[in-house]
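Hi everyone, thanks for making the time today. Could you bring the sequence and the structure up on your screens, so that we can walk through them together?

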Amino acid sequence: MTAVDDVRGPLADDRPARERTAPPGIRQHVERLREVRRQALDGPGEAATRAQHERGRLTVRERLGLLLDEGSFQELEPLRRHRAGGLGLEDERPRTDGVVTGRGTVDGRPVFVRAHDFRCLGGSLGAAHAEKIHRLMDLAEAAGAPLVDIGDSAGARIQEGATALAGYGGIFRRQVRSSGMIPQISVVLGPCAGGAAYASALSDFVFAVRGVSRMYVTGPDVVRTVTGEETTHEDLGGADVHGRTSGLAHFVHDDEESCLAAVRHLLSLLPANNRELPPREEPFDPPGRRTPRLLDLVPADPRRPYDMKAVIEEIADDGDWLEVHASWAANVICALARLDGDVVGVVANQPSVLAGSLDIDASDKAARFVQTCDAFNIPLVTLVDVPGFLPGGGQERRGILRHGAKLLYAYCNATVPRVSLILRKAYGGGYIAMDSRSAGAGIALAWPHNEIAAMGAGSAVDVVRRREIEEAADPAAARAEFAKRYEQELLHPCHAAERGLVDDVIDPAATRAALTGALEMLRTKHARLPDRKHGNPPV
């Protein structure tokens, strides 16, 4: 293992006697070592660097400089070269073999990093390249520190054939073994095809940059040959495709600088491993701060939309929070925030999109986020305003039951402290799936105008009073009267508390204090899972 080379220059005359008598050959070897290390540090040359910049991409060393604390990087195997031959590969054996690996710090906390160097053999993965990554992953797991993968690779090194493919198998196996043990973050800053794309898909968080990132199983040329479809790199696997449509990218940025700054911010919210708690910051925002603005943000009428993001901003410490998957499945919000200095995961329905209903993508998004928070000891706060699961033939045929079951499974299996708050409506299966007390929420709270029911008043009377309404002299008036009685009997403010569905009904202005108090009550929660190899969640 080596740090940046700091070999001393020509030795002074007053050096120790044993150094004055050292054979000249040793100094020659040191000079040779310095030259070799300089080659590894500089890469393949100015022309390759210029070409990388012309593509609109930074070099591997520039990226590491933005990600890590200054002077903290300790590189592993910088002198490594491949041993392959054939197809002219034996004539091109750059140092590092196209991937820079090592350990550094982010805000003083250790992080292991592997960064592909597209200037060297297109950053392609061969046997030596894979062995470097395997070793780094083993060290990261043993040290219990996060692993960041900066991807900029053409994929498997074709000249090395099946050996390169075996290298990906070793990476995937280690990723799965470390899953839920250390945070794994993929930062896609160039092409990422085939095996490299699956490595990103196996990560906990994926970052992408518009106009730079490309993730797909096969590129446009192969797609055209196999299917006849004409497409582009951007349409097939660009950052916005994965940020808005496929859901593969959790964060999308406009440039590499802001992307890598965001990676640093995310790391500040995550523990080093599953045996630690997320880093705490001393809060400047009082835990008991009143939130009277919430009284005006949320309309009492359950049919009127509003922006749940404004609610989260009002509750979080200093209004600061980090949204995950901001552009995908926007009918549910997933975010990391702090309450009284402690990191929490927030899951919330978004009434301004599809009325906050749960569809297939929203269920997948929230389930994955809940599992990630549970794996890394991040308490969960669930803000509920849900009309239920989105109905319709398309959703049913695509498997809304199976996907909705993922969210149910994730919550029911989570052992971290869990607090749920019902802001307005909580209907049907959506209410159960959004961390109801019956599903295991440690503390369940509600605002005074909460409505917990199988369905809304109008829909309910259409089912249970259909015949009376049809036979009434004035069906509209009869329906309105039945709905009013339903609301008075089953949807009044204290109904849920009277029946033990929630632990308390709170003043919206006391929401922040109630949530921080509930989390403090659950801080020392300890739950034992059943003695089993693993569960069998729906997929």
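Let me begin with a definition: a disulfide here is a pair of cysteine sulfur atoms within 2.5 Å. Please also keep in mind that we are looking at a predicted model.

With that cut-off in hand, how many disulfides does a search of the whole structure find? The search comes back with 0. Take C192: the closest cysteine sulfur to its own sulfur belongs to C259, and at 13 Å that is too far for a bond. C192 is also buried, since its relative accessible area is 4%. Then there is C334, which is in no disulfide either; its nearest cysteine sulfur, the one in C373, sits 8.1 Å away. With a relative accessible area of 1%, C334 is buried as well.

Now let's step back to the chain as a whole. It has 539 residues, and 51% of them are buried. In secondary structure we have 22 helices and 16 strands. If you draw a box along the principal axes, the C-alpha atoms fill roughly 110 × 60 × 45 Å. And if you take the contacts with a separation of 6 or more, 73% of them join residues 24 or more positions apart.

On to helix packing, and I have two pairs for you. As a reminder, two packed helices are described by the angle between their axes and the distance between the axes.

The crossing of α14 past α16 is left-handed. Who does the touching? On the α14 side we have I360, S363, D364, A366, A367, V370, Q371 and D374, and they meet I400, H403, G404, K406, L407, A410, Y411 and N413 of α16. Sorted by class, that contact holds 8 nonpolar, 5 polar and 3 charged residues.

The other pair is helix α4, residues 60–67, with helix α11, residues 256–267. Here the axes are 9 Å apart and the angle is about 45 degrees. So α4 and α11 are oblique to each other, and their crossing is right-handed. In this contact, α4 brings R63, L66 and L67, while α11 brings E256, E257, L260, V263 and R264. By class, the contact of α4 with α11 comes to 4 nonpolar and 4 charged residues, with no polar ones.

Let me finish with two strand residues. T101 is in strand β2, which covers residues 99–106. Is T101 buried or exposed? At 0% relative accessibility, T101 counts as buried. Beyond its neighbours within four places in sequence, T101 contacts F73, Q74, E75, L76, V113, R114, K132 and L136.

V252 belongs to strand β8, residues 251–253. Its relative accessibility is 23%, so V252 counts as partly exposed. Which residues does V252 contact, leaving aside its neighbours within four places in sequence? They are A208, R210, A239, D240 and G243. Have a look at A208 in particular: A208 and V252 are 44 residues apart along the chain, yet their C-alpha atoms are separated by 4.9 Å.

That's my tour, and I'm happy to take questions.

Note on methods. Residues numbered from 1 in each chain as written. Predicted model: local features only at pLDDT ≥ 70, side-chain atom pairs only at ≥ 80, totals over all residues. Heavy atoms only, no water. Left-handed = near helix turned anticlockwise from the far one by under 90°. Helix = DSSP H or I, 4+ residues; strand = E, 2+ residues; numbered from the N terminus. Contact = heavy atoms within 4.5 Å. Nonpolar A, V, L, I, M, F, W, Y, C, P; charged D, E, K, R; others polar. Buried < 20%, exposed > 50% of the residue type's maximum accessible area, 1.4 Å probe, protein only. Axes fitted to C-alpha atoms, helices over the stretch in contact; angles between N-to-C directions. Parallel < 35°, antiparallel > 145°, perpendicular 65-115°, else oblique.
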